[in-house]
Amino acid sequence: MRIDGPESLRDHLQTAIEIEWSTIPPYLCALWSLGDVHNRLAATCLREVVMEEMLHLTLVANILNALDRLPSIGPGTVPTYPGPLPHSDRSFEVSLLPFCPEALETFRRIEHPALIGAPPQPEGWTTIAQFYEALRDAVDRIGAQPGVWCGDRARQVRSGQYYGGGGEVIEVDGREAALKALDVIVEEGEGFAGGITDGGHLLGEPDELAHYYRFDELAQGRRYVRGDVPSQPTGAPILLDYRAVAPMRPNPRADDYPPGSELRAMTEECDATYAQLLGRLQTAFTGRPDELADAVPEMWALEYQAVALMRVPVGDGKHTAGPAFAPPSA
Amino acid sequence: MSDYDVAVVGAGPSGAIVAAELGAAGRRVLVLEAGPAAGRTWAEYQGNVAHYQASAAKVPNSPYVATQGAPFPDVLDITRLEPGGPEGDGGYFVQEGPLPFSSDYLRSAGGTTLHWLGTCLRMLPHDFEMASRYGVGRDWPIGYDDLGPFYERAERELGVAGDVADQEYLGVRFPPGYVYPMHRIPPSYGDRRLAAGLDGRPLHLDGEDVAAVVTSTPQARNSMPNPAYDSHRGYEPVGAVGHRHSGLRCEGNASCIPICPVQAKYNALKTLRRASEGPVEIRTQAVVSRVVLAPDRRRVRALEYIAYDDGAVPAAPERVTADVYVLAANAIENAKLLLHSGAANGSDQVGRNLMDHPFMMAWALMPESVGAFRGPSSTAGLEMLRDGAFRGRRAAFRAEIANWGWDFAGFAPYADVAEAVHGRGLSGRALRSWLARRIPRQIRLGFLLEQLPSPHNRVTLDRRTDGLGLPRPRLHYDLDGYTRRGMAAARECATQVFDLLGAADATAYLPGDPGYVTLDGQGFTYHGSGHVVGTHRMGSDPETSVVDDRQRSWDHENLYVVGAGSAPTIATSNPTLTLAALAFRAADSVLDDLGAA
Amino acid sequence: MTDAPLERFVELSAALTGFRASDLWGTGQARAHLDLVLSVCGEGLGARLLAADPDQIGAVLADPDLGPLARNVTVLWYLGQWDQLPRAWRDRHGTSPADVAHVASAGAFRAGLVWPAIGTHAPSADAPGFGSWASPPAAAP
């Protein structure tokens, strides 16, 4: 099965938007559950992955805008949890969990490098890598057709409007830039040329690991160092203090709590911030790229509300509340 | 053969810039820093943030722990000095009086930029011509236009966010097409409220009307890069040392002083990182104890320094040699080292002309919320009184408009909570509401007053010593009538500003304040600005100045003494941008000297 | 994990501070604050304090034994700092080594309620993002 024309390519890029976004809430739950003092290394790792996912989302939006399709992120295009990744083969479900081995296992599955011999697969894919390989192939072929890159340049998110890690935004004006953007997504996600790093390096700073290997580090409790081969990290041990992790109930929802209760209200306040953030991103990706800057305070607000929820006991003697990431109603 | 091409004393902004520039030119540089490397890793830096958060008194040096070998002054050490009473001996300084020198600094890699605010005003053209224009102070041996290209290099290094159109006042000029590296930091909501009440309204001072203008402040704080910068090559904001994705924009942590937790605010650790890309060695906890002169005294032959580990017996002094030596240890530390070494003092000016910006606050309660305690400490100021004919008789000043309510003035919001809970007995929603209605209405002005150079305001060496047996600085400090008349004008300015705003003045200067001074029966309280200036001034005459216009010692041809200590007058801009510009100029000169050697 | 004393402490603190109990839990400081209070006043007075009725907060504040404690608890939540109890209180109940003016912890400072009460965040923590200071402040309650 192949992506066979510009319209199909646009549809699949919209799917890419949905895939990228669907990874962010579970990563954020793990990150925010880690506590503010202990587990700093793990928190740094997760935060950088989230920032890179935000970059990937922005890059895909730029490609889609360059092909003159408005991205959609909001009602109907953001997921509920638990659930499979969009358009995947539904081989696993993604839940909102605190940082725990089960969550790490899911994250590794999300970011798993393409299996050798696995074909590019635009639908029913097993790994995101397969999906992106199909996308890349389609951009390569269909992007060569005259007139397809006809989107309004003013809709591009420009370098300077996106910041905070993950790398530079690429403005997409044609096939070459689109392929470059897809390469960044694939390399940061699953690794560069079969290695553990994403190819980026700055003097005096640690190598940047691809997402799969960042999660692999945490799952194996040991850092990768330069020269390591996949699945065999030989660096320093990573000490994880699970006692400091907030015991958030899995897949929390506002209607877990009775109407009128404080926890119901707090969870709904957090959902409202989430809806506001999605609305802002939708605006930014559909013609007002300057508004991306205004999304940053909303992301921070969401974090502070979610972290507070994760400290409130739900009364079952075990768990705390957490952010629901409820899809906004249309 | 010398050990290094250049030896630099001090890893603050001046030393870091000189080291980075010489290193980039391939020169072998050694930087000797008296203080610790604290903060050069991200974990250490975050440790400093936590130390600040847990400090009872959140003063500028609260995040930073002094080492045994490099003690530094702290504003908590400042006490009121009484005539005929004992000297102030509570901290690192020995305060002789009659007034306390009320500023601190940091001895650490990164220097005092670790806790600075980041204000990056250029000096005004007239500031360089005080003697010839107003008959007071000194002329600089260079003018505004000489420094212009170096200001541009400094604005790149420090990463200044500003709007050129806002800064073209009182003669300040830029080349056609020049823009700052980043767009200005958005003015606060409070700035806009004050501008709405003040802009264009007349203030009556010195018998004249001056139109008030609220002006955005250029600051070394990451903002949105300006794509037009550098002939449209643009500018990439510089992130945190040890965590380059952090601090790419100011996040509004509202703790610039004493520590920006993400390093969106420039600190000299960033320049040290750049320096490290060249053949530059940075040795911390290495206190230079003596500048060793050659027998003919025309050249410096070596530096003597003591390496120490806290808790251990300090090592015996070691010697290091270089072709050129650059002292960049802060104005008081440079003077101390030169006096202790008997060096560079043919003019008898070393240690003299010590200046600060006496910092006088005025505060009031606005009728409505201005959203106090949000954003950087200050994002705008009143700049129109930085120059004028009045400078013949009284000090000029600028006023920073504070975004953090009555913070330093009234210990807000801590004192407000104490008043509400302990004093008024409030609790519950009444408490919450009282605080919410009061604190966001607090506004504060901070006047930075000019001080004239005086031979009597000076650093000398005390017989009492620090942990390494080196003499502690002994300070004689006073405010003359020129500055006190400026304080009276500033107080009058504040009164009129608060009237225009309909704000209730709450300013109080108490006779028990350490910095309480009077003029004609009226009292004012000053604090320090942390702007330590003037102890090795530059000039065009070896008889009356310590260094020439390139900051090279008149007495020793291979010695440079750089930093705010070289400034002949303090004017009204905070000194860091200017000392950074001067450091670039000195670095060029050192390169010339080395090329000729 | 049900912890009756802790829950009572949070309910009482909600009445003292004017914040929701869930907001107080959300600071992550409830346990540490209670531990600090008990280390100063001891189990006996602590039990009296925790037995106080949150709906009768005026009576608690007027009580010569509990009032100073309740005011200190309020300041602890608002600023993350402990104020030394008044001399009269110490003369009556003795002096605890924990009863000295201090910041309870870096986390207690970051979680201080005065900041959200005035529409902002603790300096150096919970930054609201670039340019947020330019927008109008939240209206006072």
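Predicted model: local features only at pLDDT ≥ 70, side-chain atom pairs only at ≥ 80, totals over all residues.

Student: What's the angle between α3 and α5 of chain C, and how far apart are their axes?

Tutor: About 155 degrees, with 11 Å between the axes of α3 (residues 30–51) and α5 (residues 66–79). That's why α3(C) counts as roughly antiparallel to α5(C) (over 145 degrees; under 35 is roughly parallel, 65 to 115 roughly perpendicular, the rest oblique). Axes are lines fitted to C-alpha atoms, for helices over the stretch in contact, with angles of 0 to 180 degrees between N-to-C directions. Helices (H or I, at least four residues) and strands (E, at least two) are DSSP runs, numbered from the N terminus.

Student: Which residues of α3(C) and α5(C) meet?

Tutor: From α3(C), C:H33, C:L36, C:V37, C:C41, C:L45, C:R48 and C:L49; from α5(C), C:L66, C:L69, C:V73, C:L76 and C:W77. Contact here means C-beta atoms, placed from the backbone, within 7 Å. By class this contact has 10 nonpolar, 1 polar and 1 charged residues (nonpolar: Ala, Val, Leu, Ile, Met, Phe, Trp, Tyr, Cys and Pro; charged: Asp, Glu, Lys and Arg; polar: the others, Gly among them).

Student: Now chain B. How do α1 and α8 of chain B cross?

Tutor: At roughly 20 degrees, and the axes of α1 (residues 13–24) and α8 (residues 268–275) come within 8 Å. So α1(B) is roughly parallel to α8(B). The crossing of α1(B) past α8(B) is left-handed.

Student: And B:L382, buried or exposed?

Tutor: Buried, because B:L382 has 25 C-beta neighbours inside 10 Å. The cut-offs, with C-beta atoms placed from the backbone, are 20 or more others within 10 Å for buried, 12 or fewer for exposed, and partly exposed in between. B:L382 belongs to strand β13 (residues 378–382). Beyond four places in sequence, B:L382 contacts B:A212, B:V214, B:R398 and B:A399. For B:V214, 168 residues away along the chain, the C-alpha separation from B:L382 is 5.2 Å.

Student: Switching to chain A: which residues of α3(A) are buried?

Tutor: A:A103, A:T106, A:F107 and A:I110, in the helix at residues 101–110. They span an arc of only 100 degrees around the axis, so they sit on the same side of α3(A); the arc is taken over directions from the helix axis to the C-beta atoms. The face turned away from that buried side has the exposed A:P101 and A:E102. Covering the buried residues are, among others, α1 (6–32), α4 (128–142) and α6 (211–220) of chain A.

Student: Last one: how many residues of chains B and C are in contact with each other?

Tutor: 44 of chain B with 38 of chain C. The largest share of chain B's side, 8 residues, comes from α12(B). That side divides into 23 nonpolar, 15 polar and 6 charged residues.

Student: What do the buried residues of α12(B) pack against?

Tutor: α11 of chain B, together with α1 (4–17) and α8 (114–117) of chain C. Those buried residues are B:L431, B:R432, B:W434, B:L435, B:A436 and B:R438.

Notes. Residues numbered from 1 in each chain as written. Chains lettered and ligands numbered in written order. Contact = placed C-beta atoms within 7 Å. Left-handed = near helix turned anticlockwise from the far one by under 90°.
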